Amino acid sequence: MLFSVALLSICCLGLFLFTGKVGYLMQDHSPAAVGELLVTLAGNLAGTLVCALLIAEAKPAAAEAARTLCGPKLALEPLQVLIAAFFCGILMYTAVAIYREKGSPLGILFCVPVFILSGFEHSVADMFYFFCAGQFGPSVWVFLALAVTGNTLGGLLLPAIRLTAGGENHG
């Protein structure tokens with residue numbers, strides 16, 4: 001529920017989360033839009049770093065829980081990370097699109113628990129977990145690059161299908 005509250009807050013306040021924004025590159029892939037997305041990713045990275053370091057300092061048990069969570073993530077094969085991130089990207093685009101297009105939080109309230117309970121990889125959440133755990137090694141950056149790539153590909157899938165279908169609502 002905490003992630004749902006965070007995403008709902010981001011959407012209501014008009015802020016940007018990389019995984020919710022990347023799917024909109026299909027509609028606007030201008031250099032300005034690509035630049036804004038890259039700034040969003042950098043901002044998400046910086047924000048998770050600062051928050052994770054502060055929380056690890058204030059709540060050592062949270063840092064220990066993050067370390068426990070990160071070990072199995074780093075044991076995944078690269079293709080597993082890509083696939084799990086791909087499906088998370090689909091769900092995050094869906095959540096934000098429902099909020100934007102229908103003015104409803106239901107997409108957020110349903111899609112976020114689905115990606116979490118399914119064990120899908122959310123690149124920005126993973127940044128937080130690794131940073132909170134104090135893990136910054138090369139394997140972490142490879143994992144995050146795979147997660148960002150998978151989230152991007154998944155986030156672009158439904159918008160691509162919608163564009164090829166003429167942008168009509170076939171639901």
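Two aromatic rings, taken from Phe, Tyr or Trp (its six-membered ring), form a pair if their centres lie within 6.5 Å, and the pair is called stacked if the planes are under 30 degrees apart, edge-to-face if they are over 60, and tilted for the rest. By this rule, ring pairs link Phe86, Phe87 and Phe120 into a cluster, and a search of the whole structure finds eight aromatic pairs.

The model described here is predicted, which is the reason that local features need pLDDT of at least 70 and side-chain atom pairs count only at pLDDT 80 or more, while totals for chains, interfaces and linings use all residues. Residues are numbered from 1 along each chain as its sequence is written, and side-chain values use heavy atoms, with hydrogens and water left out.

## The nonpolar core

A nonpolar core is a set of buried Ala, Val, Leu, Ile, Met, Phe, Trp, Tyr and Cys residues joined through side-chain atoms within 4.5 Å, where buried means under 20% relative accessible area, exposed means over 50%, and partly exposed lies in between (1.4 Å probe, protein chains only). In the largest such core there are 43 residues, of which Phe3, Leu7, Phe18, Met92 and Phe115 touch the most other members. The elements that give two or more residues to this core include helix 1 (2-13), helix 5 (78-102) and helix 6 (106-118); helices here are DSSP runs (H or I, at least four residues) numbered from the N terminus, as are strands (E, at least two). Helix 5 supplies the largest share of the core, nine residues. In soluble globular proteins, nonpolar side chains tend to be buried together.

Which residues does phenylalanine 3 touch, not counting residues up to four places away in sequence? They are Met92, Val112, Phe115, Ile116, His122 and Ala125, where a contact means heavy atoms within 4.5 Å. With Phe115, phenylalanine 3 also forms an aromatic pair, which counts as edge-to-face because the planes stand at 85°, with the ring centres 5.2 Å apart. This pair links distant parts of the chain, since phenylalanine 3 is in helix 1 and phenylalanine 115 is in helix 6, 112 residues apart. Both of these phenylalanines are buried.

## Helix 7 and its surroundings

Helix 7 is mostly covered, with eight of its 10 residues buried, and among them are Val124, Asp126, Met127 and Phe131. The buried residues of this helix pack against helix 1, helix 2 (18-21), helix 3, helix 4 and helix 8. After helix 7 comes glycine 134, whose phi is positive, near 75°.

Leaving aside neighbours within four places in sequence, lysine 73 is in contact with Glu121, Asp126, Tyr129, Phe130 and Phe143.

Threonine 48 lies in helix 3 and is also buried, at a relative accessible area of 10%. Leaving aside neighbours within four places in sequence, its contacts are Val124, Met127, Phe128 and Phe131.

## Charges over rings

A charge sits over a ring if NZ of Lys or CZ of Arg is within 6 Å of the ring centre and within 35 degrees of the ring normal. The table lists two such cases.

| Charged residue | Ring | Distance to ring centre |
|---|---|---|
| Lysine 21 | Phenylalanine 16 | 3.8 Å |
| Arginine 100 | Tyrosine 24 | 4.0 Å |

## The cysteines

How many disulfides does the structure hold? It holds zero disulfides, a disulfide being a pair of cysteine sulfur atoms within 2.5 Å. For cysteine 11, the nearest cysteine sulfur is that of cysteine 12, 7.0 Å away, and cysteine 11 counts as buried at 16% relative accessibility. The sulfur of cysteine 132 is too far for a bond, because the closest cysteine sulfur, in cysteine 70, is 8.3 Å from it. Cysteine 132 is buried too, with a relative accessible area of 3%.
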